[in-house]
Amino acid sequence: MVQESKYQFDEESVAAIMHWAETEQLPKEVILSESEHIYDTSLYVRANINDIKQHYPDEFYNPAIIRLYRLKEFIDNDQ
């Protein structure tokens, strides 16, 4: 049974989330969950974007896209 994702992985959506991550004013540090403490969000964003740019549309790298979506959700909910 395949679980439907709430995230979009089409080229336009992926380009939009990468653009958001590159242009958003992000805090230096973010705690997404008890086990996810991002000490340097700019490094985190760059690492995920580099993975996406190098491997998209390989589905194995969708977690890099999901990490950007989750960061956006956190930032949007924090404001």
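This is a predicted model: local features need pLDDT of at least 70, side-chain atom pairs count only at pLDDT 80 or more; totals for chains, interfaces and linings use all residues.
Is Tyr-69 buried or exposed? At 14% relative accessibility, Tyr-69 counts as buried, since the cut-off is under 20%. I'll come back to that residue.

Let me start with the overall layout. The chain has three helices and two strands, and from the N terminus on they run α-β-β-α-α. The radius of gyration is 12 Å, close to the 12 Å that the globule rule gives for 79 residues, so the chain is as compact as a globular protein of that length. Along its principal axes, the C-alpha trace spans about 35 × 30 × 20 Å. Buried residues account for 29% of the 79. If you take contacts between residues at least 6 apart in sequence, 58% of them join residues at least 24 apart.

Now helix H1, residues 11-23. H1 has 13 residues and reaches 18 Å from first C-alpha to last, close to the 18 Å expected at 1.5 Å a residue. Which residues of H1 are buried? They are Ser-13, Val-14, Ile-17, Met-18, Trp-20 and Ala-21. These residues cover an arc of only 155° around the axis, which puts them on the same side of H1. On the face of H1 turned away from the buried side you find Glu-11 and Glu-12, both exposed. What the buried residues of H1 pack against is helix H2, 41-55, and helix H3, 62-78.

H2 next. Its 15 residues should span 21 Å at 1.5 Å a residue, and its end C-alpha atoms are 21 Å apart, which agrees. The buried residues in H2 are Thr-41, Tyr-44, Val-45, Asn-48, Ile-49 and Ile-52. Seen down the axis, they fall within an arc of 120°, so they line one face of the helix. Lys-53 and Gln-54, on the other side of H2, are exposed. The cover over the buried residues of H2 includes H1, strand S1, strand S2 (36-38) and H3.

In soluble globular proteins, nonpolar side chains tend to be buried together. Here the largest nonpolar core has 19 residues, and the members that touch the most others are Ile-52, Leu-68 and Leu-71. H1, S1 (30-33), H2 and H3 each supply at least two residues of this core. The largest share, six residues, comes from H3.

Take Leu-68 as an example. What does Leu-68 contact, leaving aside its neighbours within four places in sequence? The list is Ile-17, Met-18, Trp-20, Ala-21, Val-45, Asn-48, Ile-49 and Ile-52.

In one of them, the rings of Tyr-7 and Tyr-69 have their centres 4.9 Å apart and their planes at 15°, so the pair is stacked. Tyr-7 lies in the segment before H1 and Tyr-69 in helix H3, so the pair ties together parts that are 62 residues apart in sequence. Tyr-7 is buried too, with a relative accessible area of 13%.

The other pair is Phe-60 with Tyr-61, and that one is edge-to-face, 5.3 Å centre to centre with 80° between the planes. Phe-60 is exposed, at a relative accessible area of 65%, while Tyr-61 is partly exposed, at 25%.

The segment before H1 also holds Ser-5. Ser-5 is partly exposed, with a relative accessible area of 34%. Between Ser-5 and Ile-66 there are 9.7 Å in space, C-alpha to C-alpha, although the two are 61 residues apart in sequence.

One last item, in the loop between H2 and H3, where Pro-57 lies. Most peptide bonds are trans. The bond that joins Tyr-56 and Pro-57 is cis, with omega about 10°.

Conventions: Residues are numbered from 1 along each chain as its sequence is written. Side-chain values use heavy atoms; hydrogens and water are left out. Helices (H or I, at least four residues) and strands (E, at least two) are DSSP runs, numbered from the N terminus. The expected span of a helix is 1.5 Å times one less than its number of residues. Buried means under 20% relative accessible area, exposed over 50%, partly exposed in between (1.4 Å probe, protein chains only). The arc is that of the directions from the helix axis to the C-beta atoms. Contact means heavy atoms within 4.5 Å. Rings of Phe, Tyr and Trp (its six-membered ring) pair if their centres lie within 6.5 Å; planes under 30 degrees apart count as stacked, over 60 as edge-to-face and the rest as tilted. A nonpolar core is a set of buried Ala, Val, Leu, Ile, Met, Phe, Trp, Tyr and Cys residues joined through side-chain atoms within 4.5 Å. The radius of gyration is taken over C-alpha atoms; the globule rule is 2.2 Å times the number of residues to the power 0.38.
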